[in-house]
Amino acid sequence: MGFKSDIEIAQETSMSPITEIAQKLGIDDKYLEQYGKYKAKIDYNLLKENDGPDGKLILVTAMNPTPAGEGKTTTSVGLADGLSKIGKKVCVALREPSLGPVFGVKGGAAGGGYAQVVPMEDINLHFTGDFHAIGAANNLLAAMIDNHIYQGNELNIDPRKITWRRCVDMNDRQLRFVVDGLGGKPNGTPREDGYDITVASEIMAVLCLASGIKDLKERLARIVIGYTYGKVSEQKPVTAGDLHAEGAMTALLKDALKPNLVQTLEHTPAIVHGGPFANIAHGCNSVTATRMALRLADYCVTEAGFGADLGAEKFLDIKCRMAGLHPNAVVVVATVRSLKYNGGLPKADLNTENLDALSKGLPNLLKHVSNITNVYKLPCVVALNEFPADTPAEIALVEEKCKELGVNVVVSRVWAQGGEGGKELAEEVVRLCELPNDFSYSYELEGSIEEKLNQIVQKIYGGSRAVLTAQAQKQAQQLEAMGYGNAPICMAKTQYSLTDDPTKLGAPTDFEVTVRNLKISAGAGFIVALTGEIMTMPGLPKVPAAERIDVDETGKISGLF
C-alpha cells in the first residue's frame, strides 16, 4: 500500500452524522445548530442549564517548534482517541486554523495522519464563519472611529494616537503600514494606519475569554481604540463604549460565540473554537469551548499554541487565571528530530542517529518540562512523537534525561495508528490526573509591569531580565497611571526560541529580552508586550502553500496538507 497524504486519509474516512457525535456528549437537540451534516454549533446556554461536575483538564503543549515538526495538534487528537479507546468519555477542545498560515507556511492545521479532526477542508477554510464575524466586528469599530472623527470628533480623538487597526485573515505584509483617508475631505481624514491578521485582533481574544453574551458586550465596550489630544499626562483613553459600538459588534459576534462541534477520524467529539496565535496573542481556544468540554466529558484534552514558553505560559497565567481553571495534567510534545535540530544538526541529516546533537538539543525540552513541574507545579509527561528514523538509543537518551526530572516519556504513534497508538499515553495521562497538584502561576498580578516582565523572562525563558526601550518605559508608566498596572502580560515573541532571537536554539541562559512596545488590550484584560521583530501581520513565504492547493471538477480539494 502506498503512502497516503493527510487529506487523502481524511477524505477516505467516513464521518458520523454530527447528531450522533452530540449524543456521545449528551447534548440535547435543542442546543444543537447544524451547519450541514457534519458540523454544528452548540448553544452556550447549555452551560447555564447543565450543572454537572467538571471532568479532568489536560493541556497539550510542546518544545519550541522547528522545521522538523513536532505534532502538537496530532498528539492532542490522538490522545483523545486513545482515551476513548481505553473506555473514557472524552472531548478534545482545539483552536480554529487561520487562513493566513493555511495559505502561507503551514498548510492545513487539523492534526495529521490517522489523528485528525474532520471535516478537515471545512475546518481549515471558512468553517462556520467565526473568523469572518470577528473581522467584521473589528472593521466595524475601525469604520466608526474614522467616521466619528469625520463627523466632528466630539470625543477629541487624536488621529495620531489611534491604536485600533483594521484586520484581514490573510498573511499580507503589504498591509502592515498604510496611509488612508486620501482623496479630499469627503473621503475621510488622512492618517497613517495598518492591518493586523484577524487572529491578532483583540476581538479574537475577547471572544475567546468571554464567559457569555453579557461579558462579551462588556469586554467589547472596554476596548481602548486610541487617546485624546493633549500632553501625555493629559491624554485620556477612548473606548469602543465611548463610540457606542459594543451593541452592533456583539450582534455580529453572537453566533461566533457558540462553540463548533465536529469529530475526529475515530468519531471522538471535538469542539473547535477560536484561534488566537500564541506568538502575537494568547494562543488558546475559547473559555466557553473548554468549559463546555469539561462539563460534557470526563476528560477534556486541549492545546495551547507553539512551545510551552508561549502557549502554555499564556494558558496557565492568563486563561486559567481569568476563567478559574485548574489543570490536572500537562503533555509536552517533542520529537527526536526536533531535539537534534536544536542541537545544531542540519535538517538534511536528521534521519541519521546522532546522540551528540540530541544531547545538545535536549536542554530545550528539559527547560519546558522543568517549567511545568517546578514553576507551575503540575504533573507532566513527555509525548515523543515517533518517526521511522528514530533509534532505540536516541529514545533511551530522551527517557533517561526526562527521568532525572521525575517525568516519564511515552512514545506516541498516533500519526500512524490513531487512537490505538495513543493508548499508552492515555494510560499515563489518566494516572497523572489522579495525582494531587499545587498549581500556581509564574507571577502574581501585583507589582509593576516591568517586574512581571522580568519574572516571565527569568522563570519561563531562563534569561536574566527584560529590557524596556525608552518608548516601552513611557508606555509602562502611562498604563500604570491609567490603572492597568495589575493586568497580566501577553508576550508577543518569536516561537522558535526561548529568547527573542529566533536563531538561538536549545536553552540559552544569561540573555536579555527587549520589549519595544506595550499596548493595553483592556477588553481582553491583558497588556501585550511586543519583543524582537515580531509582527502582528505575517507575510507569505517565498513559495506559499497556496500554490499547491487546488480543487478538481468534483469539488475534491488537494494540496491542503
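What volume does the largest cavity have? About 70 Å³. The model before us is predicted, so I note its conventions: local features need pLDDT of at least 70, side-chain atom pairs count only at pLDDT 80 or more, and totals for chains, interfaces and linings use all residues. Residues are numbered from 1 along each chain as its sequence is written, and side-chain values use heavy atoms, with hydrogens and water left out.

A cavity here is a set of points, on a 1 Å grid over the protein atoms alone, where a 1.4 Å probe fits but cannot get out; a pocket is an open set with protein on both sides within 12 Å along at least five of seven lines, and lining residues have an atom within 4 Å of a point.

The search of the whole structure returns one cavity of 30 Å³ or more. Residues lining the largest cavity include E96, H126, D130 and D169. Helix 7 (residues 130-150) gives the most to this lining, three residues.

I turn to the second largest pocket, which holds about 1500 Å³ of space. Of its 49 lining residues, I162, T163, Q475, N517 and K519 are the closest to its centre. Helix 8 and helix 19 (470-481) are among the elements that each supply at least two lining residues.

Finally, helix 8 (residues 202-209) has eight of its eight residues buried, that is, under 20% relative accessible area with a 1.4 Å probe, protein chains only. Helices are DSSP runs of H or I, at least four residues, numbered from the N terminus. S201 caps the N-terminal end of helix 8, with a side-chain oxygen 3.0 Å from the backbone nitrogen of I203.

Notes
Buried < 20%, exposed > 50% of the residue type's maximum accessible area, 1.4 Å probe, protein only. Polar contact = N/O pair within 3.5 Å; in protein donor to acceptor, adjacent residues only side chain to side chain. Points joined across faces, edges and corners; volume = space filled by probe spheres on them.
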